[in-house]
Amino acid sequence: MKTPNKHLKGIITRCTNYKESDRIFTLISDDGIMKFIARGAKKPSSKLSGHIEPLNYVALYYRPSKSLNSVSQVESIHSFLEIKKEYNLILKAQYMMELAESLFSENDDNSSILSLLINTLRNIHNSKIPTLDILIFEFELLKHQGFGISIFDCTNCDKELERSDHYFSSNVGGFYCTTCFESKRLLDQSVKVTVGQQLILRTIARKNYKDLISLNLSEKEISNCRKLIQNSIRDIIGVQLKTVKFSDL
Ligand SMILES: [Zn+2]
């Protein structure tokens, strides 16, 4: 019996040409990360051509296979042309796709990650500070995957953190209060975080994104917050992402 075609939506992260006229591509979707072959997609007459390129959000029909799933129909829902016009935004998008891929898990529902990625990609070209959008993306992504950073309370004794500089440890994904920090002598494993940086993270944790704009943040402040989150990401996935070193994302 013929396997029925299945329908799927997702973002294409990578494409390669295969043989004379085929394309192979990777898709991140609600169903996980999947590879497909689009036969004849390189032919100009193919109805698939133009839709299969990285950073396209597509809807497709495919026939499931034990080796490579073969697509019969692909249509772009969003091509993110505004991003594709700017090299720096392309790098940012690539980084976010790679990060989402690395934190996807086989058995969990990944739909919230996918919508977070799509929403950030939809908005980033209009953003006054794109790095802030990425910081929010990184923060939310870790939270979705159960690696949320503890911002308001001491990670050791659960006491509410008072308004002062505190030390953050990416190993434990949180802050130490002054007492715990001094008693544990954790200087070499922790990074000092200013009240200002904590305020940024607290505002993101409360989802008061509009208030972030009124904080008049500098790139430097955002970048310092991102370093904390990126240390946590590095600890979680165990490797440095390829795209991180390509630019000051
Ligand atoms: Zn404590």
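The following legends describe close-up views of a predicted model.

**View 1. The five-stranded barrel of the predicted model.** Strands E1, E2, E3, E5 and E4 close into a barrel in the order E1-E2-E3-E5-E4, with mixed pairing. Strands are DSSP runs (E, at least two residues) numbered from the N terminus, and two of them pair if DSSP finds at least two bridges between them. On average, neighbouring strands of this sheet are turned by 50 degrees against each other, direction ignored; axes are lines fitted to C-alpha atoms, and angles run from 0 to 180 degrees between N-to-C directions. Residues are numbered from 1 along each chain as its sequence is written. Local features need pLDDT of at least 70, side-chain atom pairs count only at pLDDT 80 or more, and totals for chains, interfaces and linings use all residues.

**View 2. The pairing of E1 with E2.** Strand E1 (residues 6-18) and strand E2 (residues 22-29) run antiparallel and are joined by eight bridges. Within this pair, Phe25 in E2 stands opposite Cys15.

View 3. The domain assignment, automatic or from a database, gives domain 1 (6-79) and domain 2 (86-246). Their C-alpha centres lie 32 Å apart. In all, 10 residues of domain 1 are in contact with 11 residues of domain 2, contact being defined by C-beta atoms, placed from the backbone, that lie within 7 Å. On the domain 1 side, E1, E2 and strand E3 (32-38) each give two or more residues, and E1 gives the most, with three residues. This side of domain 1 comprises five nonpolar, four polar and one charged residue; Ala, Val, Leu, Ile, Met, Phe, Trp, Tyr, Cys and Pro count as nonpolar, Asp, Glu, Lys and Arg as charged, and the others, Gly among them, as polar.

Note on methods:
Helices (H or I, at least four residues) and strands (E, at least two) are DSSP runs, numbered from the N terminus. Two residues are in contact if their C-beta atoms, placed from the backbone, lie within 7 Å.
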